[in-house]
Amino acid sequence: MPISTDILAPVVALLLLTSVAWVWMYATRIPALVKMGMKLDPYLPKGQQMSELPARVRWKADNYNHLLEQPTMFYAIALTMALLGTGEGTNLTLAWTYVCLRVIHTLQQALWNKIEVRFTLFTVSSLVLITMVIRTALDVWGR
């Protein structure tokens with residue numbers, strides 16, 4: 001079975017989103033730190049100083065951290081699908097659906113951050129990801 005490279009496009013798209021989130025985080029965090037005149041102190045407990053930043057600034061960092069959590073499963077399953085040659089059709093649609101939901105989640109969290117909406121987006125994207133995992137497990141063990 002040949003490798004499916006189509007599924008690599010949503011992988012790269014999610015990596016681009018994560019890169020944009022990183023830039024957005026520092027583009028808001030650094031000016032906020034300067035405006036507050038905050039001196040970074042390595043002896044304070046982790047996160048204590050950053051908790052003093054305005055919520056709208058913290059939301060970008062929270063989202064960036066979220067993009068480094070669950071999407072690691074997406075990268076693993078998408079690359080597995082590529083290697084198995086199953087990264088097309090329904091699996092590709094699921095991958096793009098996951099990425100689109102993460103884009104919407106990022107915008108929602110970074111701009112508005114209504115927790116009920118964010119939780120719904122997270123839940124739906126998680127179900128899409130779990131579907132990808134189950135489909136791949138069936139492909140691996142069903143052979």
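The model is predicted, so local features need pLDDT of at least 70 and side-chain atom pairs count only at pLDDT 80 or more, while totals for chains, interfaces and linings use all residues. Residues are numbered from 1 along each chain as its sequence is written, and side-chain values use heavy atoms, with hydrogens and water left out.

I begin with the overall architecture. The chain has five helices and zero strands; helices (H or I, at least four residues) and strands (E, at least two) are DSSP runs, numbered from the N terminus. The C-alpha atoms fill a box of roughly 60 × 30 × 25 Å, taken along the principal axes. Of the 143 residues, 38% are buried, where buried means under 20% relative accessible area, exposed means over 50%, and partly exposed lies in between (1.4 Å probe, protein chains only). Turning to contacts (heavy atoms within 4.5 Å), among those between residues at least 6 apart in sequence, 79% join residues at least 24 apart.

Next, helix α1. This helix covers residues 8-36 and reaches 42 Å from its first C-alpha to its last, close to the 42 Å expected at 1.5 Å a residue; the expected span is 1.5 Å times one less than the number of residues. Its buried residues include Pro10, Leu14, Met25 and Leu33. The cover over the buried residues of α1 includes α2, α3 (71-84) and α4 (89-111). After α1 comes glycine 37, with a positive phi near 65 degrees.

Which residues does tryptophan 59 touch, beyond those up to four places away in sequence? They are Gln109, Ala110, Leu111, Trp112 and Asn113. Tryptophan 59 itself lies in helix α2 (residues 55-67) and counts as buried because its relative accessibility is 15%.

Finally, the charges. The structure holds one salt bridge, defined as a side-chain nitrogen of Lys or Arg within 4 Å of a carboxyl oxygen of Asp or Glu. The side chains of glutamate 116 and lysine 114 form this bridge, at 3.5 Å from N to O. Glutamate 116 is exposed, with a relative accessible area of 52%, whereas lysine 114 is partly exposed, at 38%.
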